[in-house]
Amino acid sequence: VARVADWEQVWSLKAESGWASAGDESGRALFPVWPHPDYAQACASGDWAGYPEAVEVYDFIRKWLPGLDKDGLWVAVFPTPAMQGVPLAPFTLRQAIEEELSAIE
């Protein structure tokens with residue numbers, strides 16, 4: 001979260017068919033995000049074949065996270081190539097990013 005606030009970008013994976021997504025063991029749909037394109041690229045294979053795409057952090061917290069929440073998706077924060085990441089509710093991630101942004105300003 002600190003890196004996202006510092007760099008003011010969130011990265012995910014996008015392909016011609018759309019944005020990457022996943023599911024966890026409890027059946028939650030997840031939208032994967034990383035703080036840097038290199039981490040996203042490391043996971044760009046198999047079901048997540050695509051290319052890193054940046055989302056400006058203010059668009060992410062004002063538009064994307066409310067949209068993900070409305071669609072019932074959670075966010076997979078910093079998933080690894082083994083598909084392990086931290087699942088967070090969009091509201092929880094929004095609060096964390098906003099707090100970090102406030103600390104920088």
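## A bridge between two strands

Ala 22 has its bridge partner in strand E4: Leu 30. Strands here are DSSP runs marked E of at least two residues, helices are runs marked H or I of at least four, and both are numbered from the N terminus. E3 and E4 pair in the antiparallel sense over two bridges, and two strands count as paired if DSSP finds at least two bridges between them.

Before going on, a word on where this comes from: it's a predicted model, where local features need pLDDT of at least 70, side-chain atom pairs count only at pLDDT 80 or more, and totals for chains, interfaces and linings use all residues. Residues are numbered from 1 along each chain as its sequence is written, and side-chain values use heavy atoms, leaving out hydrogens and water.

## The sheet

Strands of a sheet pair through backbone hydrogen bonds, either parallel or antiparallel. In this model, four strands make an open sheet with mixed pairing, in the order E3-E4-E6-E7. Which strands sit at the edges? They are E3 (22-23) and E7 (86-88), each pairing on one side only.

## Two helices packed together

Helix H3 lies across E4 and E6, and runs at about 155 degrees to E4. H3 also packs with H4, at an angle of about 165 degrees and with the axes 9 Å apart. Axes are lines fitted to C-alpha atoms (for helices, over the stretch in contact), and angles run from 0 to 180 degrees between N-to-C directions. H3 and H4 are therefore roughly antiparallel to each other, a label for angles over 145 degrees.

Who meets whom? From H3, residues including Phe 60, Ile 61 and Leu 65 meet residues of H4, among them Leu 93, Arg 94 and Ile 97.

## The nonpolar cores

A nonpolar core is a set of buried Ala, Val, Leu, Ile, Met, Phe, Trp, Tyr and Cys residues joined through side-chain atoms within 4.5 Å; buried means under 20% relative accessible area (1.4 Å probe, protein chains only). The largest one has 18 residues, and Phe 60 and Ile 97 touch the most other members. H1 (2-7), E4 (29-33), H3 (57-70), E6 (74-77) and H4 (90-104) each supply at least two residues, with H3 giving the largest share, six.

Setting aside residues up to four places away in sequence, Phe 60 touches Val 10, Phe 31, Val 33, Val 55, Leu 65, Pro 66, Leu 93 and Ile 97. Touching, or contact, means heavy atoms within 4.5 Å. There's also a second, separate core of eight residues, including Trp 34 and Trp 48.

Definitions and conventions
Buried < 20%, exposed > 50% of the residue type's maximum accessible area, 1.4 Å probe, protein only. Parallel < 35°, antiparallel > 145°, perpendicular 65-115°, else oblique.
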